Amino acid sequence: GGGFDLDGGCINSVIQYCYSHDNDGPGLLVSGFNASRPLLENTLRFNISENDARKNDYGAITIYRAPGTVFQGLKVYHNTVYLEDTIGTTPKSVQVISNGYNGIGFYNNLFLAGSGLPFVDNPNASQLEVMFIQNSYYSLSAGPFQVLDQGTTFNSLANWQTVRGQEMYNTIPVGF
């Protein structure tokens with residue numbers, strides 16, 4: 001199970017001030033399932049996810065769009081995600097499944113992750129679909145920075161900024 005979620009058909013909906021912890025699935029999920037109505041202009045803000053995504057390699061915050069589903073305008077800001085190390089699975093702070101999004105933005109979030117846990121797992125969506133701006137990333141055990149983005153593993157924030165243009169405002173690096 002998961003914590004809180006917005007499913008297909010949600011328009012101008014907000015999940016805020018929620019505390020999610022120790023779920024097998026995501027703490028926060030926004031999902032456009034097969035044949036769902038559009039997801040439009042939704043918001044996740046001021047939430048805390050602690051040790052969620054404990055099974056099946058989920059993200060504490062997971063975004064999913066089934067093929068053919070309209071998914072537009074999600075703002076994810078001022079959330080805190082805390083993930084300790086786990087055995088037998090690899091949770092992520094953020095998991096973006098599939099592509100075809102329009103206007104998804106992660107702003108001013110705090111991501112704290114155990115050693116070797118990816119902050120972001122985004123296998124398909126481009127920077128034009130999903131943007132990360134002015135977020136903070138902190139490894140709890142002095143482990144490496146790790147972002148999985150479109151088939152490439154980035155081991156530094158600077159490299160992710162340079163190659164993918166994430167955590168950049170115009171030409172200024174803004175992630176920490």
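## Rings, core, charges and sheet

Modeller: Ring pairs join F106, F111, F119, F132, Y137, F145 and W160 into a cluster. Bear in mind that this is a predicted model.

Biologist: How many aromatic pairs does a search of the whole structure find?

Modeller: The search finds 11.

Biologist: Why is the pair F46 and Y77 called edge-to-face?

Modeller: The ring centres of F46 and Y77 are 5.9 Å apart, and the planes stand at 85°. Centres within 6.5 Å make a pair, and planes over 60 degrees apart count as edge-to-face. So F46 and Y77 form an edge-to-face pair.

Biologist: What makes this a link between distant parts of the chain?

Modeller: F46 sits in the loop between β6 (43-45) and β7 (48-50), while Y77 belongs to strand β10 (residues 75-77). They are 31 residues apart.

Biologist: Why is F46 called partly exposed?

Modeller: Its relative accessible area is 35%. Buried needs under 20% and exposed over 50%. The value for F46 falls in between, so F46 is partly exposed.

Biologist: What makes F71 and Y101 an edge-to-face pair?

Modeller: Their ring centres are 5.0 Å apart and their planes are at 85°. The centres lie within 6.5 Å and the angle is over 60 degrees, so the label is edge-to-face. F71 lies in strand β9 (residues 71-72) and Y101 in the loop between β12 (92-97) and β13 (104-107). The pair therefore ties together parts that are 30 residues apart in sequence.

Biologist: How do you know whether F71 and Y101 are buried or exposed?

Modeller: F71 has a relative accessible area of 3%. Y101 is at 5%. Both values are under 20%, so F71 and Y101 are buried.

Biologist: Which residues have the most contacts inside the largest nonpolar core?

Modeller: L44, I61, F106 and W160 do, in a core of 35 residues. Elements giving two or more residues to this core include β4 (28-32), β8 (59-65), β14 (110-113), β16 (130-133) and α1 (157-164). β8 gives the most, with 3 residues.

Biologist: What does F106 touch, not counting residues up to four places away in sequence?

Modeller: F106 touches I61, I63, V76, V94, V130, M131, F132, I133 and N135.

Biologist: Now the loop between β3 (19-21) and β4, where N23 lies. Why does N23 count as buried?

Modeller: N23 is at 16% relative accessibility. The cut-off is under 20%, so N23 counts as buried. Leaving aside neighbours within four places in sequence, N23 is in contact with G1, G2, G3, N51, D52, A53 and R54. N23 and R54 are 31 residues apart in sequence, yet 6.4 Å apart in space, C-alpha to C-alpha.

Biologist: How many salt bridges does the structure hold?

Modeller: There are 3 salt bridges.

Biologist: What makes K55 and D24 a salt bridge?

Modeller: Their side chains meet at 3.9 Å, N to O. The limit is within 4 Å, so the pair qualifies. K55 lies in the loop between β7 and β8, and D24 in the loop between β3 and β4, so the pair ties together parts that are 31 residues apart in sequence. K55 is at 46% relative accessibility and counts as partly exposed. D24, with 34%, is partly exposed too.

Biologist: How do you know that K92 and D121 form a salt bridge?

Modeller: The N to O distance is 3.9 Å. That is within 4 Å, so the label holds. K92 lies in strand β12 and D121 in strand β15 (residues 120-122), so the pair ties together parts that are 29 residues apart in sequence. K92 is buried, and so is D121.

Biologist: Why do R164 and D149 qualify as a salt bridge?

Modeller: The side chains of R164 and D149 meet at 3.7 Å, N to O. This is within 4 Å, so it is a salt bridge. R164 lies in helix α1 and D149 in strand β18 (residues 147-149), so the pair ties together parts 15 residues apart in sequence. D149 is buried, since its relative accessible area of 2% is under 20%.

Methods:
Residues numbered from 1 in each chain as written. Predicted model: local features only at pLDDT ≥ 70, side-chain atom pairs only at ≥ 80, totals over all residues. Heavy atoms only, no water. Phe/Tyr/Trp six-rings, centres within 6.5 Å; stacked < 30°, edge-to-face > 60°. Helix = DSSP H or I, 4+ residues; strand = E, 2+ residues; numbered from the N terminus. Buried < 20%, exposed > 50% of the residue type's maximum accessible area, 1.4 Å probe, protein only. Core = buried A, V, L, I, M, F, W, Y, C linked by side-chain atoms within 4.5 Å. Contact = heavy atoms within 4.5 Å.
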